[in-house]
Amino acid sequence: MTIKKCTPNLTMKDKYDLTRNPECERMANHKDEILSVDQYMIREETNGATGEPVTIIAIKSEGKCYATNSAVFVREFTSLVEMAEEANDTIHHIKVIGGESRNKRQFITCVYID
């Protein structure tokens, strides 16, 4: 596992929750919900089946953890983090939304709220 970006000064418990906690929920199960971004982690892991790298976004919101490897979500959230860093600001809330690609495949992404 390689941590690409994360909330500064995470404790051991925070890191565990954002990487290994089996109670972490699938982001896709929370479409149309607004989540506070109390902590986040962008990490890369190796897919056990294919050996390919996969990027995972994990967010801790009000004590619960949510994670996804959705490429669209990863791309959008990573862009938000970079914009916030450039503006010397913080992401407070996002909305998880779903969509359908031209090939009729379902995906999730996020919308910046504040």
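Before you colour anything, one convention: Ala, Val, Leu, Ile, Met, Phe, Trp, Tyr, Cys and Pro count as nonpolar, Asp, Glu, Lys and Arg as charged, and the others, Gly among them, as polar. Also keep in mind that this is a predicted model.

**Stop one: the largest pocket**

Start with the largest pocket, which has a volume of about 360 Å³. Select T68, N69, S70, Q106 and I108: of the 14 residues lining this pocket, these are the closest to its centre. Now show the elements β6 (64–68), α2 (71–86) and β8 (106–112), each of which gives two or more residues to the lining of the largest pocket. Which element gives the most to that lining? Click on β8, with its three residues. Then colour the lining by residue class, and you'll get seven nonpolar, four polar and three charged residues for the largest pocket.

**Stop two: the second largest pocket**

Next, move over to the second largest pocket, with a volume of about 250 Å³. Here, select P8, Y40, D89, T90 and I91, the closest to the centre among the 14 residues that line the second largest pocket. Two or more lining residues come from each of β4 (39–46) and α2. Highlight α2 here: α2 gives the most to the lining of the second largest pocket, with three residues. Finally, colour by class once again: the lining of the second largest pocket divides into seven nonpolar, four polar and three charged residues.

Note on methods: Residues numbered from 1 in each chain as written. Predicted model: local features only at pLDDT ≥ 70, side-chain atom pairs only at ≥ 80, totals over all residues. Heavy atoms only, no water. 1 Å grid on protein atoms, 1.4 Å probe; cavity = no way out; pocket = protein on both sides within 12 Å on 5 of 7 lines; lining within 4 Å. Points joined across faces, edges and corners; volume = space filled by probe spheres on them. Helix = DSSP H or I, 4+ residues; strand = E, 2+ residues; numbered from the N terminus.
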